[in-house]
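The entries below follow the order in which I looked.

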Amino acid sequence: MLLSMSTSRICIAPSIEGGPAAGTARGGAPESQAQLATRLSLPLWPSEKVADEQCDFLLFYDNACLSLQQNDQGASGPLCVDFEDATLTYRQRHSRQPEAILKALGAKHGETLRIVDATAGWGLDAFVLAAAGHRVDLFERSVILHALLQDGLRRAAASVDERLAVVAGRMTLHFGDSSPRLKAWGDVHPDVIYLDPMFPERSKSAKVKKNMYLLQQMLHDEPPTETLLRDALSLARRRVVVKRPAHAGFLEDIRPSFQLTGKSSRFDIYLTRNSGAG
Ligand SMILES: C[S@@+](CC[C@H](N)C(=O)[O-])C[C@H]1O[C@@H](n2cnc3c(N)ncnc32)[C@H](O)[C@@H]1O
């Protein structure tokens with residue numbers, strides 16, 4: 001399995017407890033700093049063996065949320081996968097317009113699709129898909145993002161908000177490069193495969209959201225998977241949906257069947273006709 005190749009140095013920092021949520025719904029960290037370091041094979045910080053400048057990013061439990069922060073003076077605050085986040089919840093419950101990503105799926109009214117999100121990242125798009133009733137398999141090759149997602153899904157599944165727990169139950173997380181998994185798929189073929197690969201744009205402009213900026217900083221030297229779209233096209237029963245910045249070229253230079261274009265990003269939609277097992 002080809003794992004995350006990033007050269008960013010990540011260290012495990014001590015947990016932080018005592019914020020507003022501590023001791024209430026979230027409780028304490030589910031594992032100690034040492035356990036987390038052992039599980040992810042990452043160095044402890046601070047320690048005699050690891051100098052401060054050897055850690056580009058810090059990973060730690062912040063009030064029971066596994067969180068990532070750049071180890072830099074002036075860096076933004078820590079980020080975690082929080083499906084209870086107010087913005088996301090608001091977007092789910094009060095949006096009058098269906099999300100563009102849902103339009104891009106092309107599902108019929110009331111239809112439940114089987115979707116593969118082959119580039120899971122923070123899991124935000126996958127969450128929107130699962131909240132709309134679809135079953136989503138998420139693939140993430142970065143060991144850090146996978147750990148953050150695993151933690152976010154664990155908390156969502158245990159949430160007192162039953163609706164959130166149900167949505168989390170529709171999301172299945174897998175670790176590793178999705179490309180070989182798509183090539184060797186042995187299960188019922190997914191209806192739709194969703195791709196949102198990293199785009200090499202690292203300016204800290206207001207247009208780049210804080211969470212995507214952090215990803216770009218940490219994973220900037222990860223090579224793109226050269227055949228991801230081709231692999232997806234040969235597997236998806238109905239379509240492959242690719243999210244791209246509005247100005248970007250086509251992924252793998254393959255022209256889509258049609259596009260849904262927004263202000264800063266667009267969805268390139270590739271219709272497929274694979275019958276697939278099942
Ligand atoms: C731009 S982010 C995706 C953001 C995501 N759509 C969201 O809503 O949070 C791209 C992610 O895809 C992952 N990735 C890129 N290529 C991959 C591959 N071949 N297999 C698995 N994960 C991949 C990267 O590690 C990164 O976390």
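**Notebook: sheet and domains**

I began at Asp117, which stands opposite Tyr194 in β8. Strands here are DSSP runs of E of at least two residues, helices are runs of H or I of at least four residues, and both are numbered from the N terminus. I note that the model is predicted: local features need pLDDT of at least 70, side-chain atom pairs count only at pLDDT 80 or more, and totals for chains, interfaces and linings use all residues. Residues are numbered from 1 along each chain as its sequence is written.

I then looked up the pairing of β5 with strand β8 (residues 192-195), and found it parallel, over three bridges. I take two strands as paired if DSSP finds at least two bridges between them.

On to β6. Strand β5 (residues 114-117) is joined to β6 by four bridges, and the two run parallel. Here Asp117 has Leu138 as its bridge partner in β6. Between β5 and β6 the chain passes through helix α4 (residues 124-131), in a right-handed β-α-β crossover (clockwise from the first strand over the helix to the second, with the strands pointing away from the viewer).

I checked the burial of β6 (residues 135-140): five of its six residues are buried, so the strand is largely enclosed by the rest of the structure. Buried means 20 or more other C-beta atoms within 10 Å of the residue's own, with C-beta atoms placed from the backbone.

Next I followed β6 to strand β7 (residues 171-175), which is parallel to β6 and joined to it by five bridges. Phe139 has His174 as its bridge partner in β7.

I wrote down the whole sheet: it is open, with seven strands in the order β7-β6-β5-β8-β9-β11-β10 and mixed pairing. β7 and β10 (258-261) are at the edges with a single partner strand each, so one side of each has no neighbour in the sheet.

Last, I looked up the domains. The assignment, automatic or from a database, gives domain 1 (10-80) and domain 2 (86-271). Their centres, taken over C-alpha atoms, are separated by 26 Å. Each domain puts 12 residues into the contact, counted where C-beta atoms placed from the backbone lie within 7 Å. On the domain 1 side, β2 (57-62), β3 (65-70) and β4 (79-80) each supply at least two residues. The largest share, four residues, comes from β3.

Technical notes. A residue is buried if 20 or more other C-beta atoms lie within 10 Å of its own, exposed if 12 or fewer, and partly exposed in between; C-beta atoms are placed from the backbone. Two residues are in contact if their C-beta atoms, placed from the backbone, lie within 7 Å.
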